[in-house]
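My notes are in the order in which I looked.

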Amino acid sequence: MTDLTLSGEEARVLGCLMEKAVTTPDHYPLSVNALMNACNQTTNREPVVAYDESTIERALEALRDKNLSRRVRATGQRVVKHRHVIDETLQLTVPEFAVLGVLLLRDAQTPGELKQRTERWHSFRSLDDVEQALERLAGRGYAEQLARRPGQKEARWRTLIVEGGVAPAEPAVAAAAPVVTVVEPVARVDEPVPEPAARSLDIRNPASGEPIRSVAVTEDGETTQKVARARRSQPDWGARPYEARASAVRAFRELLAAEAEECARITTEEMGKPITQSRNEVRAVLDRVDWNVAHAGELLAPRTVTESSAGAVGERITYEPVGVVAHISAWNYPYFVALNSIVPALLTGNAVLYKPSEHATLTGLRLVDLMHRSGVPVDVIQTIVGAGPAGASLVAADVDMVCFTGSYATGRRVAQSAAERLIWVQLELGGNDGAYVADDVDADTAALAVAEGAFYNGGQSCSAVERIYVHDAIFEAFLASFVDVVSGMRVGDPTDDKTELGPLARTAQLDVLDAQIADACSLGARVVCGGERIDRPGNWFAPTVLVDVHGAMQLMREETFGPVIGVQRVHDDADAIAKLDESDYGLGAAVFTSDRARAERILGALDVGNAYWNTSDRSSVRLPWAGRRHSGLGVSMSDSGVRTFLREKSWHLSG
Ligand code: NAD
């Protein structure tokens with residue numbers, strides 16, 4: 001590659017951008033390491049380019065135009081491809097190169113991955129440059145120096161820049177600040193929400209962008225205290241007769257039913273779910289609470305396996321609460337997700353620290369308020385408020401178990417942190433469910449049903465239909481009908497009873513949808529309806545259908561989590577099975593056919609936790625909910641979901 005002459009200023013800007021990718025202290029030295037390499041390149045050079053927003057923006061544009069991802073994907077093995085494409089084909093300019101490096105670094109999910117990607121980043125330079133920079137870096141031992149220095153992040157960074165003799169330190173971070181926001185458009189669907197620097201969470205209405213309220217974030221010290229209080233209160237709660245705990249939960253259920261309309265409105269206002277769907281969720285969660293209250297008691301009863309008698313050792317099993325449970329929640333179904341864990345955890349005698357999503361905090365606070373008013377002791381269920389950092393601090397606190405619902409990327413981090421202390425984790429993660437429409441169904445009926453599965457809650461469901469495969473014989477009829485249904489959806493004010501599609505809950509998701517559509521189109525897809533944002537304040541995206549899609553496109557491989565879907569032809573059932581399984585996620589799959597045996601044959605062949613025949617995007621408290629592979633670990637709902645919160649004790653009774 002030619003033209004790589006980073007100035008000190010560029011290097012610092014790049015460093016700031018890369019710092020955005022740092023999410024744990026472990027990541028930090030690695031990221032700084034990459035920064036230092038950039039700085040090394042610039043020693044003794046005067047600044048040549050000053051980065052500002054428009055420079056970065058132009059670089060992003062240029063990268064898009066160069067169809068980098070298509071070229072990289074078209075060439076098989078990734079690292080080799082990148083090097084080839086960038087060195088020999090793209091001829092990137094300095095800012096384009098820097099932006100690209102940042103984009104790749106932002107994908108890293110673990111220290112190991114960040115390291116790998118950092119190395120990949122080096123590989124974009126001319127090989128001689130890389131070799132020399134690495135040698136110089138090794139001599140200076142920046143990473144080791146950082147590892148030895150405790151203390152505040154920025155101070156460590158600045159000191160090292162000065163010590164490295166690269167550039168004066170003071171204005172570096174501030175000067176780079178505006179640039180950081182510019183890389184947001186490439187945020188991935190499964191990327192954790194950026195840390196709020198402030199001590200309060202500003203909650204905004206996604207339908208208008210207007211502020212609703214600010215809520216104080218729980219600081220780390222408070223989290224520690226809350227967990228300690230939960231630990232002190234748990235033994236008494238756990239020792240109460242089941243009926244005492246159940247009656248508090250029943251009272252909560254009654255209060256929730258009485259205040260259902262207000263609760264639904266809180267959710268609609270803070271996350272944009274159409275009001276009729278918020279009401280449906282509150283109504284449906286009441287049944288889940290009832291089911292748990294009716295069943296958890298019997299699962300706590302001790303079990304005698306063999307009676308003890310002369311010459312035979314008696315065997316018995318008893319069940320005890322796990323202790324202090326952390327529940328970290330997603331926002332998309334805030335009642336289901338929270339209460340699927342909290343209710344069985346409380347009924348089985350555990351104390352719970354509940355961190356609602358930063359996009360459904362008011363709903364979470366209301367739920368806990370209802371519980372306290374219903375007689376659940378204030379220390380037995382407590383709220384932790386905040387975004388990712390508040391969640392990370394809860395996982396690191398003295399809890400016995402973490403129940404997490406969220407993206408695959410965050411789930412892995414949570415599991416890694418929990419592994420440090422060897423505590424239990426339950427992970428309910430993302431999905432990328434496919435639906436197969438066979439040749440023996442009525443196209444119009446199937447189109448309606450599949451559209452419901454794909455667009456309910458704006459497609460923001462872990463088990464939403466995310467990919468549609470249609471048998472050749474019915475493809476045209478299905479597509480015409482499907483596009484009719486989708487383009488006729490009533491998009492608008494989520495507080496209006498008639499609205500079917502509201503805004504997206506998260507602003508960053510708009511960028512993900514843009515990026516997936518751009519990637520698909522660069523690989524040959526066609527938009528047949530929608531395809532872009534709706535131009536009004538708030539997070540609006542038109543319901544979108546693409547055709548001529550295939551499995552190499554992000555749209556088909558990754559979780560979309562929005563009102564955008566691709567429809568692909570398949571030739572027969574075997575083709576459908578192969579394509580339905582073309583995903584790292586394993587939450588569910590749906591088959592639409594008039595032949596139940598055919599559906600069971602297809603669904604039985606798939607590596608998914610939920611099998612849907614002529615339906616989709618459904619969960620039931622009576623059935624286990626257990627995603628496979630990237631969709632999660634452990635089980636919620638059903639008897640198994642209650643047992644999640646119990647530890648077994650085996651008794652060997654002789655005499
Ligand atoms: P997310 O991963 O961004 O956040 C989930 C929760 O984790 C939030 O409360 C967030 O504040 C917290 N968090 C972020 N970083 C953290 C960290 N480092 N340590 C601890 N906690 C951290 O996901 P989201 O946007 O809230 O939810 C959408 C995702 O959830 C989608 O992938 C969706 O498929 C998935 N989901 C899965 C299920 C399921 O049952 N499998 C249900 C609902 C949602």
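The entries below take the ligand and then the helix pairs.

Before reading anything off, I noted that this is a predicted model, in which local features need pLDDT of at least 70 and side-chain atom pairs count only at pLDDT 80 or more, while totals for chains, interfaces and linings use all residues. Residues are numbered from 1 along each chain as its sequence is written, and side-chain values use heavy atoms, with hydrogens and water left out.

**Ligand shell.** I found 29 residues around the ligand, the closest being E358, S407, T410, L429 and E559; a residue is near if one of its heavy atoms lies within 4 Å of the molecule. By class the shell holds 13 nonpolar, 11 polar and five charged residues, where Ala, Val, Leu, Ile, Met, Phe, Trp, Tyr, Cys and Pro count as nonpolar, Asp, Glu, Lys and Arg as charged, and the others, Gly among them, as polar.

I then asked which elements supply at least two shell residues each, and found α18 (388-396), β8 (401-405) and α19 (408-421); α18 gives the largest share, three residues. Helices (H or I, at least four residues) and strands (E, at least two) are DSSP runs, numbered from the N terminus.

**Polar contacts.** For these I took pairs of N or O atoms within 3.5 Å. A polar side-chain atom of E358 is 2.6 Å from a ligand oxygen, a side-chain N or O atom of E559 is 2.5 Å from a ligand oxygen, and a polar backbone atom of L429 is 2.7 Å from a ligand nitrogen. The protein covers 95% of the 850 Å² of accessible area that the ligand has on its own (Shrake-Rupley method, 1.4 Å probe).

**Helix pair.** The axes of α15 (residues 275-300) and α16 (residues 334-347), which are lines fitted to C-alpha atoms over the stretch in contact, come within 9 Å and cross at roughly 20°.

Notes:
Polar contact = N/O pair within 3.5 Å; in protein donor to acceptor, adjacent residues only side chain to side chain. Axes fitted to C-alpha atoms, helices over the stretch in contact; angles between N-to-C directions.
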